Amino acid sequence: MPPSERKTPSAPAATGGVQSLERAFDLLERMADAGGEVGLSELSGSSGLPLPTIHRLMRTLVACGYVRQQANRRYALGPRLIRLGESASRLLGTWARPYLARLVEETGETANMALLDGDEAVYVAQVPSRHSMRMFTEVGRRVLPHSTGVGKALLAGHDPEEVRSLLARTGMPAATERTIVTPEGFLEALELTRERGYALDDNEQEIGVRCIAVPVPDSPTAAAISISGPAGRVTDTATDRIVPLLQQVARELSTALANTSAPLNGANGSSGTSPANTANGVNGG
């Protein structure tokens with residue numbers, strides 16, 4: 001959620017929660033929005049809380065290891081948040097599996113979910129196609145965004161200068177002769193992604209493989225879902241049919257993630273789909 005749209009918790013009675021906890025988590029989110037490091041005056045200005053209150057909360061977060069104070073007296077997100085984030089990412093993939101299973105059921109192709117982690121896209125969930133020739137991407141695999149559909153979907157909403165900086169850090173190696181290898185070309189692909197509402201990997205990561213991806217709107221962390229399959233099946237005609245379904249499932253997953261008062265559908269169960277056999281598939285997504 002953008003900082004301008006976030007409301008500072010004012011009274012615990014409104015939600016039945018504990019005001020100090022609500023305020024502490026609000027400050028952590030504001031720190032994340034600011035790039036992970038802020039000063040007390042910046043937090044006071046964005047949250048509207050008085051400096052003594054912020055100072056007291058930050059002292060507690062520092063003592064717990066969730067925030068650390070830098071030598072310049074500014075505050076940065078602490079290392080204990082990493083373990084929480086990794087666990088939450090794994091759960092996010094588990095929660096998404098029923099939605100991916102629905103995509104497989106209705107499209108016949110392998111469905112994936114990926115998150116943006118640093119400069120890379122990491123796959124956190126997959127439900128494989130039942131076809132003998134199917135795409136397979138190992139959960140936990142990391143890929144550079146410029147050559148994948150999920151990468152384009154994850155970066156489509158980012159500022160162009162942020163994207164250029166990311167590409168400068170990662171480089172743009174060619175996975176195939178179809179891979180986009182210039183920042184200008186990739187920015188054009190992101191503009192096209194925004195215009196049509198979906199991203200396409202057309203033989204860019206693996207020859208013979210096409211992937212269609214869409215972002216999960218309002219996800220707590222940048223997330224995208226996709227389907228991938230042989231180019232002979234994921235044709236332009238099939239794309240016209242698949243895209244509306246992908247967008248609908250992404251909206252439903254977004255709604256489920258936002259509904260904190262109820263468990264996600266299928267969160268405690270499996271999709272009933274067995275893992276793909278790597279001998280019968282190739283990487284894609």
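How many helices and strands are there in the chain? The count comes to eight helices and eleven strands, and what you're looking at is a predicted model.

**Figure 1. The whole chain, before we zoom in.** Start with the overall picture: the chain has 285 residues, and 45% of them count as buried. Now take the contacts between residues at least 6 apart in sequence: 59% of these join residues at least 24 apart.

**Figure 2. Helix H2 packs against helix H3.** Here H2 covers residues 40–47 and H3 covers residues 51–64. The two helices pack at an angle of about 115°, and their axes sit 10 Å apart. As for handedness, the crossing of H2 past H3 is right-handed. Which residues of H2 and H3 meet? On the H2 side you'll find Leu40, Ser41, Leu43, Ser44 and Ser47, and on the H3 side their counterparts are Leu51, Ile54, His55 and Met58. Sort the residues of this contact by type and you get five nonpolar, four polar and no charged.

**Figure 3. Three strands make an open sheet.** Reading across the sheet, the order is S1-S3-S2, and the pairing is antiparallel. Which strands are at the edges? Those are S1 (37–38) and S2 (67–69), each of which pairs on one side only. Strand S3 takes in residues 75–77, and two bridges join S3 to S1. To find your way around that pairing, look for Val38, whose bridge partner in S3 is Tyr75.

**Figure 4. Thr176, a loop residue between two helices.** Look for Thr176 in the loop that links helix H6 (160–170) and helix H7 (183–196). Is Thr176 buried or exposed? Thr176 counts as buried because its relative accessible area is 9%, and the cut-off for buried is under 20%. Leaving aside residues up to four places away in sequence, Thr176 touches Asn203, Glu204, Gln205, Glu206 and Ile207. With Glu204 there's also a polar contact to spot: the Thr176 side chain reaches the backbone oxygen of Glu204 at 3.5 Å.

Definitions and conventions
Residues are numbered from 1 along each chain as its sequence is written. This is a predicted model: local features need pLDDT of at least 70, side-chain atom pairs count only at pLDDT 80 or more; totals for chains, interfaces and linings use all residues. Side-chain values use heavy atoms; hydrogens and water are left out. Axes are lines fitted to C-alpha atoms, for helices over the stretch in contact, and angles run from 0 to 180 degrees between N-to-C directions. Helices (H or I, at least four residues) and strands (E, at least two) are DSSP runs, numbered from the N terminus. A crossing is left-handed if the near helix is turned anticlockwise from the far one by less than a right angle, and right-handed if clockwise. Contact means heavy atoms within 4.5 Å. Ala, Val, Leu, Ile, Met, Phe, Trp, Tyr, Cys and Pro count as nonpolar, Asp, Glu, Lys and Arg as charged, and the others, Gly among them, as polar. Two strands pair if DSSP finds at least two bridges between them. Buried means under 20% relative accessible area, exposed over 50%, partly exposed in between (1.4 Å probe, protein chains only). A polar contact is a pair of N or O atoms within 3.5 Å; within protein, one must be able to donate a hydrogen and the other to accept it, and residues adjacent in sequence count only if both atoms are side-chain atoms.
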